[in-house]
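Have your viewer open and follow along.

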Amino acid sequence: MNIDLTDTTSSQLNAALIQARRAVGSAVGMVLTLVIVTDEGNHYDALRAASEASKEHPSRILVVIKRPGRSPRERAMARLDAEVRVGADVGNGETVLLRLHGELANHAYSVVMPLLLPDAPVVVWWPEDAPENPAKDLLGTLAQRRVTDAASTEDPVDALASRAEVYAPGDTDLAWTRITPWRSVLAAALDQRHSKIAAAEVEGEEYNPSTELLAMWLAERLAVPVERVVSQGPGITAVRLTTEDGDICLDRSDGSLALLAVPGQPDRHVALNRRTTAELIAEELRRLDPDEAYEQAVRHGVGNLQRPRPRRAKPAGGNGTAAAAAQGTPGAPGKGGKAAANKTAEKSGDRTAEKAEASREGRS
């Protein structure tokens with residue numbers, strides 16, 4: 001059921017919610033209020049993701065769309081238009097679209113406050129254009145959890161540094177949520193293999209905040225040097241942990257299925273699909289306490305990682321033989337040794353080129 005209200009008030013909105021609830025015969029049963037602060041261009045995708053997440057977490061979704069206007073006349077006016085949606089089409093719960101026109105766009109706090117579910121947690125999500133300090137934002141002060149997304153900014157790496165400077169308990173970022181499966185698989189692999197970690201390497205797209213956060217998490221937890229390697233993606237492509245028994249490698253070149261290699265164990269495939277926004281939001285709504293692991297990782301700082309470098313081709317198996325032949329062997333004829341060395345090096349170079357080409361085809 002949809003109810004459209006033009007030039008309305010918060011009290012009229014509450015009355016419309018009660019009317020819609022009675023009309024569809026739904027019980028309240030909602031566990032939280034999710035406030036989405038967005039604009040006209042992004043509200044559809046954000047609302048669709050939140051509606052999917054509400055099937056797992058029944059909630060009242062308040063979508064705040066600010067429309068301050070362009071002309072002086074539009075900026076001087078103050079009008080609230082709203083749309084109330086209740087029923088199976090919007091997930092389990094209630095949805096209210098709030099369009100704040102003119103001066104009212106600067107007073108979203110006063111509009112949202114009367115619409116919050118009583119005695120229920122509040123989560124505020126900024127899909128785009130998050131404030132510099134979410135905890136100090138007026139809407140952010142209402143929430144137990146404040147969700148941002150560094151991947152939606154112009155400079156994601158710089159955004160992570162800003163998040164670290166203003167972090168407050170309850171802050172989180174979808175870039176951190178995206179690496180939950182990676183952290184789970186790596187932690188399980190280390191539980192099976194009790195070897196001392198000497199160094200680590202995280203490979204992923206350039207300017208990918210999730211790759212940076214995974215590297216910072218490993219550096220903070222393992223207290224070892226972590227090198228950042230730039231690849232073509234998609235997203236994070238590989239993690240390698242150097243141990244005294246060999247490398248533990250989690251490699252995902254296609255964005256869905258990863259190969260986990262642990263010394264002394266057979267290689268096995270692990271599902272590491274790139275998740276949708278709805279799945280990410282649903283995960284964030286499962287916990288409302290401060291995320292200390294995120295705090296420690298983001299505060300570790302990108303500057304403490306080793307300088308990013310491009311992904312290098314894996315060395316071919318015949319390089320050592322070619323190098324030895326190039327130097328010559330004792331007692332071997334000079335010209336014959338050089339010819340053999342040149343021929344061996346040429347074959348080795350061909351094998352290296354073939355492997356590099358196969359690697360590029362696998363990433364595309």
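How many cavities of 30 Å³ or more does a search of the whole structure find? The search finds 1.

## Ground rules

This is a predicted model, so to speak of local features takes pLDDT of at least 70 and side-chain atom pairs count only at pLDDT 80 or more, while totals for chains, interfaces and linings use all residues. Residues are numbered from 1 along each chain as its sequence is written, and side-chain values use heavy atoms, with hydrogens and water left out.

## The cavity

A cavity here is a set of points, on a 1 Å grid over the protein atoms alone, where a 1.4 Å probe fits but cannot get out; lining residues have an atom within 4 Å of a point. Points are joined across faces, edges and corners, and the volume is the space filled by probe spheres set on them.

The lining consists of P134, R146, T148, R163, V166, Y167, D171, T172 and Y294. β7 (145-148), α5 (156-166) and β8 each supply at least two of the lining residues.

## The whole chain

The protein chain has 12 helices and 15 strands, taken as DSSP runs numbered from the N terminus (helices: H or I, at least four residues; strands: E, at least two). Of its 364 residues, 47% are buried, meaning under 20% relative accessible area with a 1.4 Å probe, protein chains only.

Accessible surface comes to about 18,300 Å², with 50% of that on carbon and sulfur atoms; the areas are from the Shrake-Rupley method with a 1.4 Å probe. Among contacts (heavy atoms within 4.5 Å) between residues at least 6 apart in sequence, 69% join residues at least 24 apart.

## The sheet and its helices

Now for the open sheet: 8 strands in the order β1-β4-β5-β3-β2-β6-β7-β8, with mixed pairing. Strands pair if DSSP finds at least two bridges between them. β1 (2-5) and β8 (171-173) are the edge strands, each pairing on one side only. Strands β2 (residues 32-38) and β3 (residues 59-67) run parallel, joined by 7 bridges; T38 has I65 in β3 as its bridge partner.

Helix α1 (residues 10-24) packs on the sheet, touching β1, β3, β4 (78-86) and β5 (93-102). Its direction makes about 15° with that of β4, using axes fitted to C-alpha atoms, for helices over the stretch in contact, and N-to-C angles from 0 to 180 degrees. In helix α2 (residues 43-53), the buried residues are H43, A46, L47, A49, A50, S51 and A53. Their cover includes β2, β3, β4, β5, β6 (122-125) and α9 (277-284).

Note on methods:
Buried < 20%, exposed > 50% of the residue type's maximum accessible area, 1.4 Å probe, protein only. 1 Å grid on protein atoms, 1.4 Å probe; cavity = no way out; pocket = protein on both sides within 12 Å on 5 of 7 lines; lining within 4 Å.
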